[in-house]
Amino acid sequence: MGMWASLDPMWEMPAEKRIFGAVLLFSWTVYLWETFLAQRQRRIYKTTTHVPMELGQIIDSETFEKSRLYQLDKSTFSFWSGLYSEIEGTLILLFGGIPYLWRLSGRFCGYAGFGPEYEITQSLVFLLMATLFSALTGLPWSLYNTFVIEEKHGFNQQTLGFFMKDAIKKFIVTQCILLPVSSLLLYIIKIGGDYFFIYAWLFTLAVSLVSKTFVSCFLQISLVG
């Protein structure tokens with residue numbers, strides 16, 4: 001009885017705070033579970049120092065050891081980058097980073113002469129700023145992965161200049177795809193009425209099919225070329 005009584009104040013909280021707490025709890029639960037599974041796999045990398053009998057005819061000891069050490073370094077990197085990502089996301093939620101970015105995007109739209117009624121335009125500015133923030137905060141991790149871990153194991157063939165050019169190109173291509181698709185989706189939601197979710201689902205399905213077809217054709221052309 002005492003345990004359930006201690007939960008009463010939580011249920012008396014406003015609905016938005018209960019949802020907020022549930023989102024944080026779910027996020028950390030998933031993260032901890034995935035980390036637990038990753039650590040189990042890491043223990044296998046550490047303890048399996050000889051080629052298993054099943055792979056004896058497929059891989060030699062030297063190649064197996066190189067692969068094992070590479071996977072150990074990758075698992076360590078994944079642990080710390082995943083922890084940082086989870087803490088970053090939690091702090092953004094706790095300190096109102098998303099509402100702040102929305103207000104900031106509205107301010108930029110105001111400077112350009114777009115009022116609050118241009119919510120699609122504001123949403124696109126918001127997405128641009130959010131993806132830019134994500135790219136900048138993820139850049140140090142990507143640099144470390146490429147120029148420390150990959151180079152240590154002989155997999156990196158990039159120079160710093162090429163890496164930065166490639167990162168900028170990827171960001172631009174992402175925006176060229178993300179912003180038009182997002183604007184169309186938001187417009188469908190805006191005019192869709194009571195059945196907007198059906199139209200939105202059909203649109204996302206069509207985009208998914210087209211993108212998969214495009215990628216498949218691109219890969220075939222690349223292989224032929």
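Predicted model: local features only at pLDDT ≥ 70, side-chain atom pairs only at ≥ 80, totals over all residues.
Local features require pLDDT of at least 70, side-chain atom pairs count only at pLDDT 80 or more, and totals for chains, interfaces and linings use all residues. Residues are numbered from 1 along each chain as its sequence is written, and side-chain values use heavy atoms, without hydrogens and water.

An unreviewed UniProt entry places the feature "transmembrane region" at residues 20–38, 77–102, 122–144, 171–189 and 195–219. Such annotations may be inferred rather than shown by experiment; positions follow the numbering used here and feature names are shortened. Residues 77–102 are 92% helix and 0% strand. Their end C-alpha atoms lie 32 Å apart. Residues 122–144 are 100% helix and 0% strand, with end C-alpha atoms 34 Å apart. Helices (H or I, at least four residues) and strands (E, at least two) are DSSP runs, numbered from the N terminus.

Helix H3 spans residues 15–47 and helix H4 residues 61–94. Their axes come within 10 Å and cross at roughly 170°. Axes are lines fitted to C-alpha atoms, for helices over the stretch in contact; angles run from 0 to 180 degrees between N-to-C directions. H3 is therefore roughly antiparallel to H4 (over 145 degrees; under 35 is roughly parallel, 65 to 115 roughly perpendicular, the rest oblique). The residues of this contact comprise 11 nonpolar, eight polar and four charged. Ala, Val, Leu, Ile, Met, Phe, Trp, Tyr, Cys and Pro count as nonpolar, Asp, Glu, Lys and Arg as charged, and the others, Gly among them, as polar.

Val-181 sits in helix H7 (residues 160–191). Val-181 touches Phe-203 and Val-207, leaving aside residues up to four places away in sequence; contact means heavy atoms within 4.5 Å. The C-alpha atoms of Val-181 and Val-207 are separated by 8.0 Å.
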